[in-house]
Amino acid sequence: MRKLNQDEKQKILILTASTGHGHNAAANSLKRELESNGYEVIKEEPFKEMGTSVDAFMADGYKLLATKMPKLYGTLYKLTNYDTKSTKVSRVFYKFVAKVVLELCEEYRPALIISTHPLLVGGV
């Protein structure tokens with residue numbers, strides 16, 4: 001990766017979620033590496049922007065499913081490999097996520113957007 005000089009500094013928006021630790025770990029690693037190469041990096045969690053109840057549902061729901069109902073979690077995880085944009089629930093969910101993501105894009109005007117969580121960009 002080529003380092004940017006100060007005149008070239010560009011913004012990168014990283015979208016992540018606190019569902020487990022992997023998404024944030026990946027986001028933090030990308031942020032460190034990109035910043036060390038001269039990029040301005042903003043890391044945001046759109047589920048948190050959607051409100052505490054949505055964020056809690058996503059984070060706590062993940063923990064509950066992964067630890068107490070691993071078979072159900074596995075089934076739901078596999079379902080995400082298929083196009084679910086056509087379901088009513090998905091359309092409503094993506095509508096709200098898209099609104100938050102678009103607001104973040106308007107606020108920061110990034111040159112590049114990276115998402116470490118697939119549900120944050122599925123409807124955009």
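Buried means under 20% relative accessible area, exposed over 50% and partly exposed in between (1.4 Å probe, protein chains only). The model is predicted: local features need pLDDT of at least 70, side-chain atom pairs count only at pLDDT 80 or more, and totals for chains, interfaces and linings use all residues. Residues are numbered from 1 along each chain as its sequence is written, and side-chain values use heavy atoms, with hydrogens and water left out.

**View 1. Span of helix 1.** Helices (H or I, at least four residues) and strands (E, at least two) are DSSP runs, numbered from the N terminus. Helix 1 covers residues 22-36, 15 residues in total. The expected span is 1.5 Å times one less than the number of residues. That gives 21 Å here, and the end C-alpha atoms are 21 Å apart, which agrees.

View 2. N24, A27 and L34 are buried. Exposed G22 and R32 sit on the face turned away from the buried side. The buried residues pack against strand 1 (11-15), strand 2 (40-44) and strand 3 (112-115).

View 3. N37 is found between helix 1 and strand 2. N37 is buried, with a relative accessible area of 6%. A polar atom of its side chain lies 2.8 Å from the backbone oxygen of E33. G38, which follows helix 1, has a positive phi, near 95°.

Key
Contact means heavy atoms within 4.5 Å. A polar contact is a pair of N or O atoms within 3.5 Å; within protein, one must be able to donate a hydrogen and the other to accept it, and residues adjacent in sequence count only if both atoms are side-chain atoms.
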